[in-house]
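Subject: Structure handover

Hello,

Here is the structure we discussed. Please look it over, then read the notes below.

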Amino acid sequence: MNQAAATARDLRQQALADAKRSHILNAATSVFIEFGLEAVSMREIAKRAGYTAGAIYSYFANKEEIYGALLAESLERLNAFVSVAERAISLIEDASSSNDFLVLQESVLAFYQFYRDNPRDLDLGFYLFQGLKPRGLTNEWDSQLNARLRDAMRPQEIALSKLGFSKNEIDTEVTAIFAHIVGVLLLNHTGRIRMFGKSADELIKHYLDNLALRIPKMTKQK
């Protein structure tokens, strides 16, 4: 077999392996969301994927590794989505504080909109996370996933820094933003938001409008 043929064969095999891995992850997502991590077995994931348990073990050592891979891929999509919004704002050639707030606003909206528009990713977050700490993972997985989650909030931190906030103030504000987004998403996802007669988008806009009013007052006090 010549080199070109061998390379083509390797590419086909890799593409097949990637497709099988993706199929396993899709099946696992449904199972995890339906039953939760603790109640799921590798056998159940294999059954949902239409494979034998042995075939699953060829790709993942255990269900925790599948779980970690799912969350990692979800967070990569989140970061990519936030980065697109950040790049769009960076094209505006304006060094004013109003542009810094626009970066903050758009990065918050991008974080919120990603989960609003991707309910499966939101389900993974709600079913598999306790706060920011994933359950059932090694410390290495835990650190990696937390780091990528924080990366998605980095544009908010940078914008707040440019607006003159201290490190402590930035930590407080970003935590408050995260808590508000998660709370609104939870209300919206469970349908309980209807009892308040408001939409999720309205509540996020209300929060950002109030943040816009607070920031000038806080920066003037420095």
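Start with E157, which sits in helix α8, residues 154-162. Helices here are DSSP runs of H or I, at least four residues, numbered from the N terminus. The model is predicted: local features need pLDDT of at least 70, side-chain atom pairs count only at pLDDT 80 or more, and totals for chains, interfaces and linings use all residues. Residues are numbered from 1 along each chain as its sequence is written, and side-chain values use heavy atoms, with hydrogens and water left out.

Is E157 buried or exposed? E157 counts as buried because its relative accessibility is 12%. (Buried means under 20% relative accessible area, exposed over 50%, partly exposed in between, with a 1.4 Å probe and protein chains only.) The E157 side chain makes a polar contact with the side chain of R154, at 2.8 Å. (A polar contact is a pair of N or O atoms within 3.5 Å; within protein, one must be able to donate a hydrogen and the other to accept it, and residues adjacent in sequence count only if both atoms are side-chain atoms.) Setting aside neighbours within four places in sequence, E157 is in contact with R150, I170 and V174. Contact means heavy atoms within 4.5 Å.

Buried residues of α8 include P155, Q156, A159 and L160. Just after α8, G164 has a positive phi of about 100 degrees.

**α8 against α9**

The axes of α8 and α9 come within 10 Å and cross at roughly 135 degrees. (Axes are lines fitted to C-alpha atoms, for helices over the stretch in contact; angles run from 0 to 180 degrees between N-to-C directions.) The two helices, α8 and α9, are therefore oblique to each other. (Under 35 degrees is roughly parallel, over 145 roughly antiparallel, 65 to 115 roughly perpendicular, and the rest oblique.) From α8, the contact is made by Q156, E157, L160 and S161; from α9, by I170, E173, V174 and I177.

**α9**

Helix α9 covers residues 167-190. Its 24 residues should span 34 Å at 1.5 Å a residue, and the end C-alpha atoms are 35 Å apart, which agrees. (The expected span is 1.5 Å times one less than the number of residues.) In α9, I170, E173, V174, I177, I181, V184 and L185 are buried.

**Y67**

Y67 lies in helix α4, residues 63-90. Y67 counts as buried, at 0% relative accessibility. The C-alpha atoms of Y67 and L37 are separated by 7.8 Å, with the two residues 30 apart along the chain.

Best wishes
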